[in-house]
Amino acid sequence: MKKISLLFLLLCGHLTYAQQQPNIIIIVSDDHAFQSIGAYGSKLMKTPSIDRIAKEGVRFDKGYVTNSICGPSRAVILTGKYSHKNGFKDNENSRFDGSQDSFIKQLKGGGYQTAWIGKWHLESTPQGFDHWQVLPDQGQYYNPDFLMQDGTKKRYDGYVTNVVEDVAEEWLDQRDQAKPFCLVIGHKATHRVWLPDTADMGMFDQVTFPLPHNFYDDYKTREAAKVQDMSIAKTMIMGYDLKMFGSEAAADREGSVKRMNAAQRAKFNAYYQPIEADLKARNLSGKALTEWKYQHYMRDYLSTAASLDRNIGRTLDYLDKKGLTKNTIVIYMSDQGFYLGEHGWFDKRFIYEESFRTPMVMRYPGVIKPGSVSKDFVMNLDIAPTMLDAAGIAIPKDIQGKSMLPQLRDKKTAGRKVMFYHYYENGEHSVSPHFGIRNSRYKLIRFYKRVNSWELFDLKKDPNELNNLYGKPGYEKITAEMKKELDAQIASYEDQDAAAILAQGIKPEK
Ligand code: SGN
Ligand code: CA
């Protein structure tokens, strides 16, 4: 008798749980720096919508990625596995094998309706979704094309961030309301070339942004930093990046300006042409020109982010209006971090904090206490298992991430103590491939291919990672401990490439 009632109770519990499977919305932006988000203490601009998610849920202060670049990060989010397992190691040579498992497929199998709308950037078309409609490659800022599920291409009028949100809401409107849903909204913003909505152009013209204190970093002690090609001074292109086109848009490599209609083009010209005329009149060079570039970069970047935040707000308003807020998980994150002039850089790729770390906030009513702040190490690797956990679906054994829910429910559950990172691309921006680990105090990095070197940082004494301690007297013990930990991480994640590189050692220079 006892047994039967227990079974009955369990069954009822299960049914209630199943009925309560939450809806899921994951908003993934591109290259959005936490340094520009109010919830993270930024004074650069206001981001009320992202801040709202944090206020009503949790702000992850230690959210990181396993490989700081676009396609690889999305592949990690989808699979919950490192790049060497999911096969998508870099943007230049990889093509996502969509036949492999993903949390989306698992959710679909568990009764969810699933969709991915917006930036995708995984070369192959999405597989295992009920619905998808994605930007080809990097997508375009103005009047963007979309790849449609039936194999056609469709051009939409308008600014990409608004359009992606419109399409996402259209899909939500027509979904089967009897089932829970999981929707990924992929934004192009705030990717290079940081082209704002015409409505937002000029919103920061009255502001002079403070230069990061390490803007004029000399890269002393850091070989890979010396050979990178992602500096505002040298790499950032006046025409292409900063829209100072001289004559007409010859340098508009992405074709964004060429795609504008007459009204958009008129507004674009009305904003950028006087800036260009003023720049010409000033005839700047050297540091003055670099600092002008920085100010103009920040204005374009933050104006582009303004539209992103506004459209995240539209998603939240939609949920409110439709009575969905209570039963919907909302995650906002970027595919990685980004440099806003720190070390003199834009772009990402490095295991250094600004690019390794990503903004990540999550609202889960009834589970996450509003206003929570998480100091645990969490990674994009953890999104897949967390979503499956929330949906009550078993997490496949080969997933390498961990559900974040135990830590969020019960502050006593310990998170990971060390994070492993591996970046592979060896092309644009000349960032040397590298792998490494970070714990609460130290970071150990092994660069290979473009440069062959080790770096060690004490993040407590040197949070900006300027002073490479590797090989310095007094750090032998911590270096040995960190190397041992690196070996252990490589073994546990089964990263054979990294193991082989360590086995070779660094050959002395002739
Ligand atoms: C493009 C950009 C790069 C950027 C990569 C990767 N060049 O190639 O500056 O680092 O994307 O970005 S551009 O001339 O095409 O703008 S990612 O977000 O896709 O990883
Ligand atoms: Ca990116």
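**Figure 1. Overall dimensions of the chain in the predicted model.** The radius of gyration is 23 Å. A compact globule of 510 residues would come near 24 Å, so the chain agrees with that expectation. Along the principal axes, the C-alpha atoms fill a box of roughly 90 × 65 × 40 Å.

**Figure 2. Secondary structure and burial in the chain.** The chain holds 14 helices and 16 strands. Of its 510 residues, 47% count as buried.

**Figure 3. Packing of helix H6 against helix H9.** H6 spans residues 160-174, and H9 spans residues 286-321. Their axes lie 9 Å apart, at an angle of about 15°. Angles under 35 degrees count as roughly parallel, so H6 is roughly parallel to H9. The crossing of H6 past H9 is right-handed.

**Figure 4. Residues at the contact of H6 with H9.** H6 contributes Thr 161, Asn 162, Glu 165, Glu 169 and Leu 172. From H9 come Ser 307, Leu 308, Asn 311, Arg 314, Thr 315 and Tyr 318. By residue class, the contact divides into 3 nonpolar, 5 polar and 3 charged residues. Leu 172 of H6 and Leu 308 of H9 are among the contact residues, and Leu counts as nonpolar. Glu 165 and Glu 169 of H6 and Arg 314 of H9 also take part; Glu and Arg count as charged.

How values were computed:
Residues numbered from 1 in each chain as written. Chains lettered and ligands numbered in written order. Predicted model: local features only at pLDDT ≥ 70, side-chain atom pairs only at ≥ 80, totals over all residues. Axes fitted to C-alpha atoms, helices over the stretch in contact; angles between N-to-C directions. Helix = DSSP H or I, 4+ residues; strand = E, 2+ residues; numbered from the N terminus. Parallel < 35°, antiparallel > 145°, perpendicular 65-115°, else oblique. Left-handed = near helix turned anticlockwise from the far one by under 90°. Contact = placed C-beta atoms within 7 Å. Rg over C-alpha atoms; globule rule 2.2 N^0.38 Å. Buried ≥ 20, exposed ≤ 12 C-beta atoms within 10 Å, placed from the backbone.
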